Every structure is written in C-alpha cells, then in structure tokens.
Amino acid sequence: GVQVAVVTGFSFTGLVNVDTEQGKNGPLVSMYNLALIFSICAGLYSILHTLYVTKFAPSLALRGETPEAVTRAILALREERKVIYNASVTSIVSFAVGASLGAFILFNVYAAAVASLM
C-alpha cells in the first residue's frame, strides 16, 4: 500500500509539475499524460481497495457463527490480495512508462534513451 501511494504521488507530481509545452511531439505528450493518469487511477484503486479490505475483513471473520467463517474470510482476503497486487503492479508499470516518455519529451534522444534504460 505504501509503495503504491508513493508512486501515485510521483505520478501526480509528474502530471502537474513537468512542463510538457517544450515537447515538440504532440502524440508523445498525450501518451505521457495518459500513462500518468492511468498510474494515478490504478494507484488510487489499489489504495482504496486496501483500505476497504483492512476495514471489513476482520469484521467478516468475527461476525461468523461457525469456525468456517474465519476460513471463508481468509479465502476472500487471498482473492482480494490478487486484485490489489494487480492494480499496484499496473500503477508502477504505468509510472515507469510515463517516466520514459517524459524523458523523451524533456531531453534529447540520446539522453532520453539512456534515462529510459536505467
């Protein structure tokens, strides 16, 4: 959760503070903006889903009248963990794509290629 929150913050900063007016390639700027917006959306989804799971999962286990309620809650948590993980990875990958595109907007081609490879 914390890592995705940090990446989401970086994506927002990149979207707001980076001057894309100097970019000469309009489609490249559009792809940069879309990648960062997608990263923000996936990151916020992951954060909110994590909050939802940590809020309601313990009560799901404790409200059950049978011992199987805890097992059911654990199985539900494992399924939700996959959703959160996929959203987190999507956010991080989208941020990496946006950062590479941002390098091509801000720097010359050779410097951008080196920055993208790093």
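Val-97 has a relative accessible area of 42%, so it is partly exposed (buried is under 20%, exposed over 50%, partly exposed in between, with a 1.4 Å probe and protein chains only). Val-97 sits in helix 3 (helices are DSSP runs of H or I, at least four residues, numbered from the N terminus). The model is predicted: local features need pLDDT of at least 70, side-chain atom pairs count only at pLDDT 80 or more, and totals for chains, interfaces and linings use all residues. Residues are numbered from 1 along each chain as its sequence is written, and side-chain values use heavy atoms, leaving out hydrogens and water.

**Helix 3: span and packing**

- Helix 3 counts 39 residues. From its first C-alpha to its last, helix 3 reaches 57 Å, close to the 57 Å expected at 1.5 Å a residue (the expected span is 1.5 Å times one less than the number of residues).
- Buried residues of helix 3 include Ala-69, Ala-73, Ile-84, Ala-87, Ser-88 and Ser-91. Also among them are Ser-94, Gly-98, Leu-101, Gly-102, Ala-103 and Ile-105.
- The buried residues of helix 3 pack against helix 1 (2–17), helix 2 and helix 4 (109–117).

**Nonpolar core**

- The largest nonpolar core has six residues: Leu-28, Val-29, Tyr-32, Leu-36, Leu-101 and Ile-105. Helix 2 (26–63) and helix 3 (68–106) are the elements that each give two or more residues to this core. Helix 2 supplies the largest share, four residues. (Such a core joins buried Ala, Val, Leu, Ile, Met, Phe, Trp, Tyr and Cys through side-chain atoms within 4.5 Å.)
- Core residue Leu-28 touches Leu-101, Phe-104 and Ile-105, with residues up to four places away in sequence not counted (contact is heavy atoms within 4.5 Å).

**Buried serines**

- Ser-46 belongs to helix 2. Its relative accessibility is 1%, so Ser-46 counts as buried.
- Setting aside neighbours within four places in sequence, Ser-46 contacts Val-4, Ile-84, Ala-87 and Ser-88. Ile-84, Ala-87 and Ser-88 are among the buried residues of helix 3.
- Ser-94 belongs to helix 3. Ser-94 is buried because its relative accessible area is 9%.
- Ser-94 touches Ala-35, Phe-38 and Ser-39, with residues up to four places away in sequence not counted.

**Surface patch**

- Tyr-85, Val-89, Val-93 and Val-97 form a nonpolar surface patch of about 360 Å². (Patch residues have over 30% relative accessible area and no salt bridge; nonpolar side chains join within 5 Å, like charges within 9 Å. Areas are Shrake-Rupley values with a 1.4 Å probe.)
- Val-89 lies in helix 3. Its relative accessibility is 34%, so Val-89 counts as partly exposed.
- Val-89 and Ala-42 are 47 residues apart in sequence. Their C-alpha atoms are 8.7 Å apart in space.

**Charged residues**

- The whole structure has one salt bridge (a Lys or Arg side-chain nitrogen within 4 Å of an Asp or Glu carboxyl oxygen). The side chains of Lys-82 and Glu-79 meet in a salt bridge, with 3.4 Å from N to O.
- Lys-82 and Glu-79 are three residues apart in helix 3, so about one helical turn separates them. An α-helix has 3.6 residues a turn, so residues three or four places apart point the same way.
- Lys-82 counts as partly exposed at 47% relative accessibility. Glu-79 is also partly exposed, at 46% relative accessible area.
- Glu-68 lies in helix 3. Glu-68 counts as exposed, at 52% relative accessibility.
- Glu-68 and Phe-10 are 58 residues apart along the chain. Their C-alpha atoms are separated by 42 Å.
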